[in-house]
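Dear colleague,

I am handing over the structure that you will be working with from now on.

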Amino acid sequence: MKSFYNLLLLSFIISQCLALYDADSKVIKLTNDNFKQLVLDSGEPWLVEFYAPWCGHCKALAPEYNKAAKALDGIIKIGALDMTTDGDAGKPYGVNSYPTIKFFGVNKADPIAFEGERKKNAIVDYLLDRAREIALNRLGVEIKPQPSNDDSKVVVLTDSNFDEQVLKSQEPWFVEFYAPWCGHCKQLQPEWNKLSHQADIPIAKVDATAQTELAKRFNIESYPTIYFFPAGNKQDTHKKYEGERNLESLLKFIKDQKPVNGQQVITDVIQINSDEKLNQICQTLCVLGFLPNDNKEQEDALQIFKKTALSLTGRANLGWFVGEQYDDFEAELSVIGEGYPQVVAVDFTSKKYYRFKKQLTVDNLNEFVRGVIKKTESGQSFSSLPKLNIQKSDL
């Protein structure tokens, strides 16, 4: 009998030595029996660590996790579940390494993986940010990203503007999904800012912790996640960037990207004299020049168009007409009566056309087309364009 009690005492001592969180800890012990009631069925947010007592990383985390739990006592619940004794509760969450830390917020069925530093300050900052989001969400307030305090040209994207800015654009986009507390994201930031100045395509970022619809839509599970959205059609064509996170590698990746299969890219400026030719270049966004009949003036304008076409390859196709050949078509685009050359950008996706009103130069034309792509130019709507009629016999 004495040996039995000695064995029981020894087992108790071992279990206490292995336990990472004692009775005085503010970290709440979760088990198979209480996990559903305390975490899933409650209206409170929880940060939950799934751990094993023998795990070295778990032991290193424990003092930081304890301090974070003490600092947030009464604000956000912090719990821990021992997978060696109560693993059934953790099975639904894909726990395959220790420690795995997940935040159970508004949607308890889809917890968010915590990928930040395993330090008390990082844990506290992360949870206070999540608490703010939940509170504002309950007030019906849209969470807007904080403005950048640097001189970057990085475009800030949100749940509400992403489709309009990126998916409906003919331009390629390079987009970083980040978390404000993420150490790797902070290391990337200066390179990403430099890239925004040197790349000839939009460079953008999404705070995935605030823009949760986008994060879920693009399966963002780690930070930073970087996607390239190619020129033209962007339906399921984005590609994950897996290279080194420095300016040289990022620029090379952009340069190496080609249009996705099935997309027609035209580098020439095509004379349009039939509906077939028009349909060839105007599948999405096209820039149409209506040029003088005079050969010299026509050639001068064409040289500008050809130089512009090279810089807009994959974003917009360029074509040209001899002016006054297709009256109905020109009238629909408000070209008639203005003289030549005239330039109109036509977006067949949004059914809008945009008049170019500056002096015809390569720089002005590039600036105009990029304004159309980025939705900063104002356009006019059309329902349909007339078919091209037969050329006038006197031309």
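This is a predicted model: local features need pLDDT of at least 70, side-chain atom pairs count only at pLDDT 80 or more; totals for chains, interfaces and linings use all residues.

**The five-strand sheet**

Five strands make up an open sheet with mixed pairing, in the order E1-E3-E2-E4-E5. Its edges are E1 and E5, each of which has a single partner strand, so one side of each has no neighbour in the sheet. Within this sheet, strand E2 (residues 46-51) is antiparallel to E4, and five bridges join the two. Phe50 is found opposite Thr100 in E4.

Two helices may be described together with this sheet. Helix H4 (residues 83-90) lies across E2 and E3, and runs at about 115 degrees to E3. Helix H5 lies across E2, E3, E4 and E5, at about 20 degrees to E4.

**The largest pocket**

The volume of the largest pocket is about 1,100 Å³. Its lining consists of 34 residues, and those closest to the centre are Ile112, Thr212, Glu213, Ala215 and Lys216. Two or more lining residues come from each of strand E4 (100-104), strand E5 (112-113), helix H5 (120-139) and helix H8 (212-217). H5 provides the largest share, with five residues. Sorted by class, the lining holds 17 nonpolar, seven polar and 10 charged residues.

**The six-strand sheet**

A further open sheet has six strands in the order E11-E13-E12-E14-E15-E16, and its pairing is mixed. Strand E11 (269-271) and strand E16 (380-381) are the edge strands, each pairing on one side only. E11 pairs with strand E13 (residues 317-322) in the parallel sense, over three bridges. Gln271 is placed opposite Trp320 in E13. Helix H13 (residues 362-373) lies across strand E12 (285-291), strand E14 (342-347) and strand E15 (352-356), and its direction is at about 155 degrees to E15.

**Salt bridges**

The count of salt bridges is 10. One of them joins the side chains of Asp73 and Lys26, with an N to O distance of 3.5 Å. Asp73 belongs to the loop between helix H3 (56-71) and strand E3 (77-82), and Lys26 to the loop between helix H1 (2-18) and strand E1 (28-30), so the pair ties together parts that are 47 residues apart in sequence.

With kind regards

Definitions and conventions. Residues are numbered from 1 along each chain as its sequence is written. Side-chain values use heavy atoms; hydrogens and water are left out. On a 1 Å grid over the protein atoms alone, a cavity is a set of points where a 1.4 Å probe fits but cannot get out, and a pocket is an open set with protein on both sides within 12 Å along at least five of seven lines; lining residues have an atom within 4 Å of a point. Grid points are joined across faces, edges and corners, and a volume is the space filled by probe spheres set on the points. Helices (H or I, at least four residues) and strands (E, at least two) are DSSP runs, numbered from the N terminus. Ala, Val, Leu, Ile, Met, Phe, Trp, Tyr, Cys and Pro count as nonpolar, Asp, Glu, Lys and Arg as charged, and the others, Gly among them, as polar. Two strands pair if DSSP finds at least two bridges between them. Contact means heavy atoms within 4.5 Å. Axes are lines fitted to C-alpha atoms, for helices over the stretch in contact, and angles run from 0 to 180 degrees between N-to-C directions. A salt bridge is a side-chain nitrogen of Lys or Arg within 4 Å of a carboxyl oxygen of Asp or Glu.
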